[in-house]
Amino acid sequence: MKSICILRLSAIGDVTHVIPVVLSLQEQVPGAEITWVIGKIEANLVRDLPGVEFIIFDKKAGRRGYSDLRKKMQGRKFDALLHMQVAFRANLAAACIPASVKVGYDKARSKDLHSFFINRRIKPAPRQHVRDCLASFLEPLGLSPAPPRWQIPLSEEDHRFAQAQLATEQRNLVISPCASHTLRNWPAECYAQLADHAIREHGMKVILVGSPAPFEAEYCAAIEAAMTGKAHNICGKDTLKQLAALISRADLVVAPDTGPAHIASAVGTDVLGLFAASNPYRSGPYNSLEWCVNRYPEALEKFTGKTVEQARWGAKAEFEGAMELVTVEDTIAVLNRWIEAQRVAETEHGVR
């Protein structure tokens, strides 16, 4: 193979899981030209990965987006396309990409006519984490699945921004409270109680982060207003790269099922994950599952009447009241356990 195209437009968390695939391709097929068709926002995080050509697909441009993609593909033909997104919009984009081999999902995970846009499939895997699923896209090409190894290029400027936000004599707790789906969000007053506990009992600095979207700004402001302690609120004031740098230097991230949780896992920072609306064993922070509060089984049974075993893998429990099943006591217990683990590790390594 001399040329391989990856199609994964969104979302930020899933895009981070494609990074190991890129790195593994570069090792297993040295010299191959790699092109990644990606969404506009998501490209801001990964577009400077070495050795990769990025083609931006504007999801909001309608028909013009497909027309632009077809023009960029004129005169080209890839040896393989890794079609990693089943949404109908992505399937239409795949039709604009000429390739001899088009690898897609197995039948059980196909939808929106995905099967008509591929000619090879990954192996069925009934209960698989999203990262491992995307890693397996290399197997139909005769390659090994991508190991969980990440690289997010960050500049000195990104790290300087991060350093300016962080305390040097305290542990730093970053709270990224908002998911793209509001029914995955934990109540603001619950975040406030957890943050106050972190400050009062563990002397942590609390940093609130989020996108410039008005809803996220309001959410972070509500957390700040409900706290008795002081938070450092930088919601909407950082770029994706700066956020990644900040998370890479933080001690712990608190988040629901959202992109920054996956960025944290990618850069090696522990995540206290808050899960009820979705299953952490499918879409949780890959390297921090032990630190996740998991009320998904209770939410699924309460709102759908099904157990995890009975429900379709990946079924959501995105209902009003689901995230309230995650209690402040749950999160405080995990935070306390995480703090104790850090103290034990520091003692073993002779660090204060």
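Q: In which helix do Phe215 and Tyr219 both lie?
A: The model is a predicted one. Within it, Phe215 and Tyr219 are four residues apart, about one turn of the helix. The helix that holds both, spanning residues 214-226, is H8.

Q: Are the planes of the aromatic pair Trp186 and Tyr191 stacked or edge-to-face?
A: A pair of aromatic rings is described by the distance of the centres and the angle of the planes. For Trp186 and Tyr191 the centres are 5.1 Å apart and the planes stand at 85°. Planes over 60 degrees apart count as edge-to-face, so the pair of Trp186 and Tyr191 is edge-to-face.

Q: What is the angle between the planes of Phe215 and Tyr219, which form a tilted aromatic pair?
A: The ring centres of Phe215 and Tyr219 are 5.4 Å apart. The pair is classed as tilted, and the angle between its planes is 45°.

Q: Is Phe215 buried or partly exposed?
A: Buried means under 20% relative accessible area, and exposed means over 50%. Phe215 has a relative accessibility of 36%, whereas Tyr219, at 15%, is buried. Because its value falls between those two cut-offs, Phe215 counts as partly exposed.

Q: Over the ring of which residue does the charged end of Arg131 sit?
A: The charged end of Arg131 is placed 5.0 Å from the centre of the ring in question. That ring belongs to Tyr286.

Q: How many charged residues are in the lining of the largest cavity?
A: The lining consists of Pro20, Leu23, Ser24, Glu27, Pro147 and Arg149. By class, three of these are nonpolar and one is polar, and the number of charged residues is two.

Terms used: Residues numbered from 1 in each chain as written. Predicted model: local features only at pLDDT ≥ 70, side-chain atom pairs only at ≥ 80, totals over all residues. Heavy atoms only, no water. Phe/Tyr/Trp six-rings, centres within 6.5 Å; stacked < 30°, edge-to-face > 60°. Helix = DSSP H or I, 4+ residues; strand = E, 2+ residues; numbered from the N terminus. Buried < 20%, exposed > 50% of the residue type's maximum accessible area, 1.4 Å probe, protein only. Lys NZ or Arg CZ within 6 Å of the ring centre and 35° of its normal. 1 Å grid on protein atoms, 1.4 Å probe; cavity = no way out; pocket = protein on both sides within 12 Å on 5 of 7 lines; lining within 4 Å. Nonpolar A, V, L, I, M, F, W, Y, C, P; charged D, E, K, R; others polar.
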